Amino acid sequence: MPDQNTLSKSAADSSISPIIENKSTAKASENSSLIDSIHSLDISDYAPLVTDDFDITTNLETALKEIFERYDLDCDSLLNDKELDDFAIFTNGEPFSKEEKLEISENLDCSEDGFLTLPGFIQMYSLQTCSGDELETWKDLLKHGYNKDLSLSSK
Ligand SMILES: [Ca+2]
């Protein structure tokens, strides 16, 4: 019998280097009181909303577009005061405050009349979602009938 050639496994062993992906933690704001109300929502197995490049996913954009169109009753691709109020009431239970509306018109893409455009609407969610507040975004999506795979469960 030939000598038992003990193969060194050193090469294989060295592959146990600590490659721990340092993903930005969406759970960083655990102490935030805002999270309390939606504490029970575990989004770990939900569809991703943010890409690796910290942009919103195509699926989220599609969903937001669809939601925007629900409130754009006169189909002018803008959310006027009334339409924006309807959205805020359905989503948050109350219309946006004067301050919030001012913030929207100053920071998001709006028409000359100060009405929120679709890009502005997507921008609003993009800012919220990509700043780590995916829970808030999911809350709104679920409210509008989307399931965790980001498809409409109703209808
Ligand atoms: Ca409109």
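In what order do the elements of the chain run from the N terminus on?

## Overall architecture

From the N terminus, the elements follow the order α-α-α-β-α-α-β-α-α, and the secondary structure comes to 7 helices and 2 strands, where helices (H or I, at least four residues) and strands (E, at least two) are DSSP runs numbered from the N terminus. This is a predicted model, in which local features need pLDDT of at least 70 and side-chain atom pairs count only at pLDDT 80 or more, while totals for chains, interfaces and linings use all residues. Residues are numbered from 1 along each chain as its sequence is written.

Of the 155 residues of the chain, 15% count as buried; a residue is buried if 20 or more other C-beta atoms lie within 10 Å of its own, exposed if 12 or fewer, and partly exposed in between, with C-beta atoms placed from the backbone. Among the contacts with a separation of 6 or more, 54% are between residues 24 or more positions apart, a contact being a pair of residues whose C-beta atoms, placed from the backbone, lie within 7 Å.

## The annotated EF-hand segment

An unreviewed UniProt entry places the feature "domain: EF-hand" at residues 59-94; UniProt positions are given in the numbering used here, feature names are shortened, and annotations may be inferred rather than shown by experiment.

Most residues other than glycine have a negative phi.

## Helix packing around α6

Helix α3 (residues 58-71) packs against helix α6 (residues 118-130) at an angle of about 125°, with their axes 10 Å apart; axes are lines fitted to C-alpha atoms, for helices over the stretch in contact, and angles run from 0 to 180 degrees between N-to-C directions. The helices α3 and α6 are therefore oblique to each other, given that angles under 35 degrees count as roughly parallel, over 145 as roughly antiparallel, 65 to 115 as roughly perpendicular and the rest as oblique. On the α3 side the contact involves E61, L64, K65 and F68, which meet L118, F121, I122 and Y125 in α6. These residues divide into 6 nonpolar, no polar and 2 charged, where Ala, Val, Leu, Ile, Met, Phe, Trp, Tyr, Cys and Pro count as nonpolar, Asp, Glu, Lys and Arg as charged, and the others, Gly among them, as polar.

The axes of α6 and helix α7 (residues 134-143) come within 7 Å and cross at roughly 135°, so α6 and α7 are likewise oblique to each other. Here Y125, Q128 and T129 in α6 meet E134, E136 and T137 in α7, and by class this contact has 1 nonpolar, 3 polar and 2 charged residues.

## Two individual positions

I104 lies in helix α5 (residues 98-107) and counts as buried because it has 22 C-beta neighbours inside 10 Å. Leaving aside neighbours within four places in sequence, I104 is in contact with F96 and L116.

D55, in the loop between α2 (33-36) and α3, counts as partly exposed, with 13 C-beta neighbours inside 10 Å. Although D55 and C130 are 75 residues apart in sequence, their C-alpha atoms are 6.7 Å apart in space.

How values were computed
Two residues are in contact if their C-beta atoms, placed from the backbone, lie within 7 Å.
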